[in-house]
Number of protein chains: 2
Amino acid sequence: MTYCVGLLLDQGLVMASDSRTNAGVDYISSYSKLHVFQPAPDRLFVLLAAGSLATTQEVLNRIQRDLDQAANPNPSPYQQSPRVTLLNVNYLFEAATYIGQVSLAVQNEHGSALRQAGASPEASFILGGQIAGQAHGLFLIYSQGNAIEASPETPYLQIGESKYGKPALDRIAYPGLSLDDGARLCLVSLAGTARSNLTVAPPFEVAICPRDKIALSYRLKLDDDSPELQGISRSWNESLTRAFYGLPRFTWEPVDTPTNAAVPNTSTTAT
Amino acid sequence: MTYCVGLLLDQGLVMASDSRTNAGVDYISSYSKLHVFQPAPDRLFVLLAAGSLATTQEVLNRIQRDLDQAANPNPSPYQQSPRVTLLNVNYLFEAATYIGQVSLAVQNEHGSALRQAGASPEASFILGGQIAGQAHGLFLIYSQGNAIEASPETPYLQIGESKYGKPALDRIAYPGLSLDDGARLCLVSLAGTARSNLTVAPPFEVAICPRDKIALSYRLKLDDDSPELQGISRSWNESLTRAFYGLPRFTWEPVDTPTNAAVPNTSTTAT
């Protein structure tokens, strides 16, 4: 499985993903799911991918081939010169529609063989980015090729194993969050998911894209033993345990009930 | 949907459930999903139910009918005098097996008609309880009729919409938790789920069963406006927000970075 999350904040975008890929429980490996395209200085696209790894990899390869061929007068025999690429779209929603069409084409090519084997070609994507002169934006591209956009009311989008990490987003995400707080929130959401579900795991990747910069300000890849991830996980775990034992007592409990005598030492249980 | 959780603690059992039932989004109602059977002073059974409401209600009715008929020399024409009831099982696992069989019988009776209509007869249960002289125990009864048991390594069991509320359990649940802390943990897990998923909602019911008492010590039904639920939700939300803004800074942030200037007022957003 996979868990990816994108935040649409007033100050810009935060895009984050885990790196675990598994086919069954005995073939577990690590792949980056965060991909950056900057085909020209006036446009930046960050793509998060979940679903069939074969589909998502071929989609990324086709996107790059389209860019190469648009710049090359002698196109590959495998494809006509592409009409739409990330270089010539004029709006971010056109990029989302284009990626949805590429994804559908890949799924259609391999879908019937996969379904006969009981497998699915489906894949979904989160596209964040900005084209100079326009607002930055965030889209969730469904495996059916259509897309929805984040908004101030719903400033985050998720794909993959999204439920475990949603409560933290629901409590804390809002458009006024700073980019650095947004990055921390994504890491908290990722770390909580990885704790509850083995198919989501570090390294966690985070890309921070300040509004109107048309460039990443920071790109992080945090492994299990990175001091930054350990520090955030330890602080979050300790604070949550403290918050829990500080909850109001029931009416039947004496006011001075001590907190649980046998609180386990949580400081050693990172993530 | 539904969310139910049971905790198997050294000091006893905590059983909790929400009360929302929905058929689509335009038929939403409230039903208790926490049911107590005490057919004799030496045995207590608490049953949490998720899945098809028609199935779970008929299962509960059949369990009660079996108890009535076992005590009645003139059984109803609808059923032979039952061989197994909650009154004559000698072990808690026998009660789980019996309930699984009743559930399968109900599902088999209505399944084909339901499946033709695109609906499912499936239901799952959490059974907690104790028979005098034996240890208290906690079982998850699958819709296929088989069951698994909680253990010190996995002291909680969930049915229904379980993912949103799992991270809090994974962080905090352990067998040494007090019963009152266990009840608070169930409420935190329920409230977090209800915040992220509209198909889970108060009133939340909680039953506390101290070990070897063979009786409930407390049974709570907490509505949205109950001071206890509001107090726990508010405290948890405020603590989590504080914990978030107290997380360690990234290396590129100045050490004295102020916490986000525009922190929204969370004290008004209960649950």
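Predicted model: local features only at pLDDT ≥ 70, side-chain atom pairs only at ≥ 80, totals over all residues.
Q: Where is the kink in helix 2 of chain B centred?

A: A kink is read from the angle between axes fitted on either side of a residue. Here the angle is about 50 degrees, and the kink is centred on B:His110. After the helix comes B:Gly118, with a positive phi near 80 degrees.

Q: Which residues of helix 2 of chain B are buried?

A: An α-helix has 3.6 residues a turn, so residues three or four places apart point the same way. In helix 2 of chain B the buried residues include B:Leu92, B:Ala95, B:Ala96, B:Ile99, B:Val102, B:Val106 and B:Gln107.

Q: What do the buried residues of helix 2 of chain B pack against?

A: Their partners in chain B are helix 1 (53–70) together with strand 6 (43–51), strand 7 (123–131), strand 8 (137–141) and strand 9 (147–149).

Q: Why does A:His35 count as buried?

A: Burial is judged by counting neighbours, and 20 or more other C-beta atoms within 10 Å make a residue buried. A:His35 has 20 C-beta neighbours inside 10 Å, so it counts as buried. This residue belongs to strand 5 (residues 34–40) of chain A.

Q: Which residues is A:His35 in contact with, leaving aside neighbours within four places in sequence?

A: They are A:Leu47, A:Ala49 and A:Leu60. A:Leu47 is twelve residues from A:His35 along the chain, yet their C-alpha atoms are separated by 5.1 Å.

Q: How many residues does each chain give to the contact between A and B?

A: The size of an interface is often given as the accessible area lost when the parts come together. Counted by residues instead, chain A gives 40 and chain B gives 40. On the chain B side, helix 3 (166–172), helix 4 (179–196) and helix 5 (227–245) each give two or more residues. Helix 5 of chain B has the largest share, eleven residues. By class, that side of chain B has 19 nonpolar, eleven polar and ten charged residues.

Q: What confidence does the predictor give the complex and chain A?

A: The complex has an ipTM of 0.84 and a pTM of 0.86. For chain A the mean pLDDT is 90, with 90% of its residues at 70 or more. Over residues 261–271 of chain A, pLDDT stays under 50, and the model has 16 contacts beyond four places in sequence for that stretch.

Note on methods: Residues numbered from 1 in each chain as written. Chains lettered and ligands numbered in written order. Contact = placed C-beta atoms within 7 Å. Helix = DSSP H or I, 4+ residues; strand = E, 2+ residues; numbered from the N terminus. Nonpolar A, V, L, I, M, F, W, Y, C, P; charged D, E, K, R; others polar. Bend = angle between axes of the 7 residues up to and from the residue. Buried ≥ 20, exposed ≤ 12 C-beta atoms within 10 Å, placed from the backbone. pLDDT = per-residue confidence, 0-100.
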